[in-house]
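Hi,

Here is the structure I said I'd pass along. Have a look at it first, and my notes follow below.

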Amino acid sequence: MTTVRVRLTLIYSGLFLFTSVVLLIIVNTLMRQALDTRIARFPLPPERPRPAPAPRLGEPEPPPPLSELVRDVIHYQWDVSALTIGVLTLVSVVVGWVVAGRVLRPLHRITATAQRLSLSTLHERIALTGPKDELKELADTFDAMLDRLERSVEGQRRFIANASHELRTPLAVQRTAIEVGLPEDVGEIRAKLLLHNHRMENLIDALLALAQAGHGLRERSPVALGEIVRFALADAGENGRGPAGVTVTSRIAPFVLQGDPVLLNRLVTNLVDNALRYNHSGGAVDVTLADGVLTVRNTGPEVPEERFHDLFEPFRRLHTTREQGAGLGLSIVASIARAHGAAVRARPGPAGGLEVTVAFARDPRAGT
């Protein structure tokens, strides 16, 4: 693919070569006409033919006629001009390349800033200096757009924080009223109300986590991903989630990355919960962390190939179980992974179930 810099260099050099050739043709043509006219205006007197004397040793040869001199001068001028144009064309290519680079330098700065920006770095600006030309106008417009985008994102973050408080408080009050206010003789109704209250809390937590991950990371810190995986596995074992008799195996290598520990814990917890919940009695779950690649495999029902595009979509459920979730588990995983610059991939397991892989990029600042 030809870059803009190469095209500008070719345009500069092409225009120089075209104008130089035109100038060479015009100058040489006019000079030849001027010489021919001057010779025709002052003709030499005719000479009587004389027998040519025998050349003597040491004597110079007679000069050639003027027409031959004019032709030799013009040919010499053509050769010198062509050589000069060739050299200057090479010089123009080098100069055009340098000039095009200087002209496009502000565009490279704008492009680098746009590629570096994310929802967590919206405070950065191009702040292009120099004459008020089209490139500075473009940079200022881009900065103004970033100002509006940053204000919008900050407003949404404040809304999420306020919604988190306003939605959790009534549910906590409701749960307390159910646990304290209802008598023991309505135990079945009390248990159902508490179950629905717990599901509503989980749904709100999932939606807030999805919204927070979708708005990027405000702050990053070194996170030991291996410790988070061990904690999630221990928590899942203590709470006994999933069918009975599921065997959990793990191979965890140390890995440190820059990220949000709360969101990363949610990512790992969702993967482990999904692997346990959508399994069968006597099944297996295998968790591997090696070189920054987290892989969670489980046995269980086969996932139809036509449903794979639904795996990471919100509120999409592949199976119906008695512990039916809200359909946000893998969509939260995908959103948190994107916020950390990780790639998520899912494929069917060799013995049914699913294999989900999250590949994190190694950050040299975080160490190992």
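So, what's in there? The chain has 7 helices and 8 strands. Keep in mind that this is a predicted model, with a mean pLDDT of 77 over the chain and 79% of the residues at 70 or above.

The exposed surface comes to about 23600 Å², with 61% of that supplied by carbon and sulfur atoms. If you take the contacts with a separation of 6 or more, 71% are between residues 24 or more positions apart.

The bit I looked at in detail is a helix pair. Helix α6 (residues 261–277) packs with helix α7 (residues 329–339) at about 145 degrees, and their axes are 9 Å apart. The crossing of α6 past α7 is left-handed. Which residues make the contact? From α6 you get L263, L264, R266, L267, N270, L271 and N274; α7 brings in G329, L330, I332, V333, I336 and A337. Sorted by class, that contact has 9 nonpolar residues, 3 polar ones and 1 charged one.

Cheers

Terms used: Residues numbered from 1 in each chain as written. Predicted model: local features only at pLDDT ≥ 70, side-chain atom pairs only at ≥ 80, totals over all residues. Heavy atoms only, no water. Axes fitted to C-alpha atoms, helices over the stretch in contact; angles between N-to-C directions. Helix = DSSP H or I, 4+ residues; strand = E, 2+ residues; numbered from the N terminus. Left-handed = near helix turned anticlockwise from the far one by under 90°. Contact = heavy atoms within 4.5 Å. Nonpolar A, V, L, I, M, F, W, Y, C, P; charged D, E, K, R; others polar. pLDDT = per-residue confidence, 0-100. Areas by Shrake-Rupley, 256 points an atom, 1.4 Å probe, with all protein chains shown as cover.
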